[in-house]
Amino acid sequence: MNYLAHIYLSGDNELVTIGNFIADGIKGKRYKEHPQEIQKGILLHRHIDTFTDSHKTVRQSTKRLHNKYGHYSGIIVDILYDHFLAKNWKKYSDTPLENYADTFYNSLKKHYDLLPLRIQNMMPYMLAGNWLLSYASIEGIGEVLDGMNRRTKNRSSMNEAVEELKEFYTEFENEFTIFFEELMATSKEKLNELNHI
């Protein structure tokens, strides 16, 4: 799953949410160097990734892309699933996505000193482009995929995946909906477990 899903699945604890958001850059046991609530977020992030990568419905989505995009298929599906979360946001939250995104951005600013350098450097671009809100449109997802493609020095052709999104829109959306129900349940269980350690 991509940024929006990880943030959403963290619940309403700011530090858990930040831990989940920064987790990709925290390797191995280095998570133990962080405050306890941040650690919970990092461990939750790892649980979400493991559950996602091994899920048969997600594999259905990635299989559709594999011939063209190879090992980048999983990254693309993460981004496409964030699109469906953003697009169907009202189904998952009573807080409008614009407000939800602003609250998260403010939280990042408030806890700036806890963020790894890579995230601090990324923040101005995230805020300027309002990434979390932009996921709701196909154009916004196109821009995200363009950016990812540039980061691979145009080797991945991820920018072209917006065409598969349009072509198989219903299939991807149905797969996301089925999968996300299960992901919400397992994330809630994991968070509950982490809170009782």
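Start by selecting the buried residues of helix H3: Ile-38, Gln-39, Lys-40, Gly-41, Ile-42, Leu-44, His-45, Ile-48 and Thr-52. Buried means under 20% relative accessible area, exposed over 50%, partly exposed in between (1.4 Å probe, protein chains only). Helices (H or I, at least four residues) and strands (E, at least two) are DSSP runs, numbered from the N terminus.

The model is predicted: local features need pLDDT of at least 70, side-chain atom pairs count only at pLDDT 80 or more, and totals for chains, interfaces and linings use all residues. Residues are numbered from 1 along each chain as its sequence is written, and side-chain values use heavy atoms, with hydrogens and water left out.

Now show all of H3, residues 36–53. Its 18 residues reach 26 Å from first C-alpha to last, close to the 26 Å expected at 1.5 Å a residue. The expected span is 1.5 Å times one less than the number of residues.

Next, select Ile-22 in helix H2. Ile-22 counts as buried, at 0% relative accessibility. From Ile-22 to Ile-42 is 20 residues in sequence and 7.4 Å in space, C-alpha to C-alpha. Leaving out residues up to four places away in sequence, Ile-22 touches His-34, Ile-38, Leu-114, Leu-115, Pro-116 and Ile-119. Contact means heavy atoms within 4.5 Å.

Move to the rings. The whole structure holds 16 aromatic pairs. Rings of Phe, Tyr and Trp (its six-membered ring) pair if their centres lie within 6.5 Å; planes under 30 degrees apart count as stacked, over 60 as edge-to-face and the rest as tilted.

Pick Tyr-81 and Phe-176. Their ring centres are 5.6 Å apart and their planes at 70°, so the pair is edge-to-face. Tyr-81 lies in H5 and Phe-176 in H12, so this pair ties together parts 95 residues apart in sequence. Both Tyr-81 and Phe-176 are buried.

Tyr-92 is buried, with a relative accessible area of 10%.

Finish on Phe-180. Beyond four places in sequence, Phe-180 touches Met-1, Ala-5, Tyr-8, Leu-9, Leu-85 and Tyr-92.
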